[in-house]
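Please read the following note alongside the coordinates.

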Amino acid sequence: MKPLRLWQKITKRSYMMHNPKSIVWFAVITLWVKTVVVSFFGFSLGVDSFFDIVLIICNSMGILMLLVGLSFYFSKRVKPSIIVIIMFLISGLLFGNLLYYRFYSDFVTLPILFQFQNVGGVGASTVELMSLWDILLFVDVLTLMIWLKGWNFKGAFPSKRWKRWYVGASMMLVLTSISLGLLYSPYLLMETYDRQKMVKSVGPYNYHAYDIAHTMYVSFKDTFVSSSTTTNAMSYMKESTPTNNSDLFGIAKGKNLVMISMESTQDFVINEKVEGEEITPFLNSLIKESFYFNQVFDQTAQGKTSDSELMIDTGLYPLESGSVFIRKPQNDFTSLPEILKEKQNVQSYVFHGNIQSFWNREQMYKTFGYKRYYSKKDYHVTEENSVNYGIKDEPFFNQSMEKIKELPQPFYARLITLTNHFPFLLDDEDTHIAKANTQEEVVNRYVTTVRYQDEAIKQFIQSFKEQGLYEDTMFVLYGDHYGISEKYEQGALDLVGQQDTPVNRMRLKQVPLIVHVPGYEGKTISKIGGEVDIRATLLHLLGIEKDNPLSFSRNLFTRSKTEPVIFRNGNFVTAKYMWKGNDCYRKKTGEKIDPSNCEPYRQQVRKELRLSDDIIYGDLGRFVD
């Protein structure tokens, strides 16, 4: 090769390496490629057609071009340091979404960033979800840093025309991706709570842009509502949640109410065995003497345990993003403690071995009307009696009993357990059963912590008998939310011997609800329901007529089979049908059927979720007399 031609090739390659446009395109293309790869293989967005593939491939390019363009919008030169920062932040956002999705099957929202420590922070739970492959998400950032090392970059864009073309092309791609998303899902803007569909339709970064705008908008929503909005909501609820009493009305009137929130407990462990040993021997025996609701579904969203508390105390659905405990703690709610105080002069108490500020509980319990919150500072907590998230269940119940026996009767006491929390760690001396033998180690450990919790509850209820409080108390035990996320559900299906189908996976979302009223015969009730229905059910047994006009809670003893159980992401279950993702199923057989069978219920789902959001964001409770 002639020296002149060789020099020309070298200088051309050097120009391409040092050309500012090369840096920009390197950033855009590498960010786009890993976003597409994570969307296909990290997020379970579902690919049912060629159009789905087109959406996932195309919907991130425009917004990435706009973001990377921040490196030159306000300067005549490309600023490589700004590109590195942008790449790192976008990669970090993608990584954060991936970790969050692995456990919660959901995407990070702006409000969740303000409650980071409440969803686990950085600890054993987070480490459990990480993979060595995650390092690849930052290889392009490192590559660019090496590329730019020691390079005094002063190249300018060749012309303003190229800059205008770049911005115009970016905006065109963003508008095209949004248009395709709306074509794919005409109800997209009415179903923004379905983040799975949002990300699939418009891409993760366009979704985050919408989430930021929406969060800012709803922050001021209470300024623009009036009592007429409340009247419309009350009219709907009066028609859709009528008061239907049964012959059990008032059977627990005058009794103490003890409610046990069983951390991460799902219904599939009930009456299940490992190597011939029952996972929940005490709960299994208690069920025989209790009202056991075996088709109650976890309806929590990003607030998890706090969402379950919200539903039981207010009869409202959780927010689509973040937790009411963090976002709307000053609202005016008609809470269960307030009703018990007003109607039956019952004082309410909460017992939880965590710090007062966790989930902003100290402030929220005051809003709900609890007389006292016994938190970590009220317990003797040591390294020996703690594991994972805090004090173990057995010492927690033992120390709580010392406080409960001094309370004036009748009382309402809510106790929130901790030990059965992901990643399900337990000391050897507390193990009562062998680990399960499934393909998921998380599920294998889950069995041991559930068994420990079961033993702790047994001892706690025995202490009520020893203190002479048992006969005068109604015990309510419920699973607050799922513990085995979709990532590990195959192990749960292995444990119970079920096939991997959408309907069976939905059944795993069921949580046990056990209502034990001493002296009454046990009965298994197979009506479908959700955690939001626990409130109306308890008021029924306590002999209190439904008097809160802003509650979606329906009495489980009389609940209509035609009413759907509504999930915060827009999915639902009825006695006959199930809607999951974009598909309608026949609940009994699992057969996928025409979506038109589910459409009437979908309209109700949209309406109730919108009304619930209006009540919370607009603080409509302040207009209720």
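Is aspartate 619 buried or exposed? Aspartate 619 is buried, its relative accessible area being 12%, where buried means under 20% relative accessible area, exposed over 50%, and partly exposed in between (1.4 Å probe, protein chains only).

1. Basis of the note. This is a predicted model, in which local features need pLDDT of at least 70 and side-chain atom pairs count only at pLDDT 80 or more, while totals for chains, interfaces and linings use all residues. Residues are numbered from 1 along each chain as its sequence is written, and side-chain values use heavy atoms, with hydrogens and water left out.

2. Aspartate 619 and its partner. Aspartate 619 forms a salt bridge with arginine 622, with 3.9 Å between the closest N and O atoms; the term requires a side-chain nitrogen of Lys or Arg within 4 Å of a carboxyl oxygen of Asp or Glu. Arginine 622 is partly exposed at 37% relative accessible area, whereas aspartate 619 is buried.

3. Other salt bridges. The count by this rule is 28. Among them, arginine 610 and aspartate 614 meet at 3.5 Å, N to O, and both lie in helix α23 (residues 599-617), 4 residues apart, or about one turn of the helix; helices here are DSSP runs (H or I, at least four residues) and strands likewise (E, at least two), numbered from the N terminus. Arginine 610 is partly exposed at 45%, while aspartate 614 is buried at 14%. Lys392, Asp427, Glu429 and Asp430 are linked in a network of salt bridges.

4. The second largest cavity. Asp619 is also one of the residues lining the second largest cavity, together with others including Thr314, Phe333 and Leu620. A cavity is a set of points on a 1 Å grid over the protein atoms alone where a 1.4 Å probe fits but cannot get out, and lining residues have an atom within 4 Å of a point. The space in this cavity is about 80 Å³, a volume being the space filled by probe spheres set on grid points that are joined across faces, edges and corners.

5. Paired strands. Strand β16 (residues 577-580) runs antiparallel to β15 (residues 572-573), with 2 bridges between them, and antiparallel to β17 (residues 583-586), with 4 bridges; strands pair if DSSP finds at least two bridges between them. Tryptophan 579 in β16 stands opposite phenylalanine 572 and has cysteine 584 as its bridge partner in β17. In the hairpin of β16 and β17, with 2 residues between the strands, glycine 581 takes a positive phi near 70 degrees.

Methods: On a 1 Å grid over the protein atoms alone, a cavity is a set of points where a 1.4 Å probe fits but cannot get out, and a pocket is an open set with protein on both sides within 12 Å along at least five of seven lines; lining residues have an atom within 4 Å of a point.
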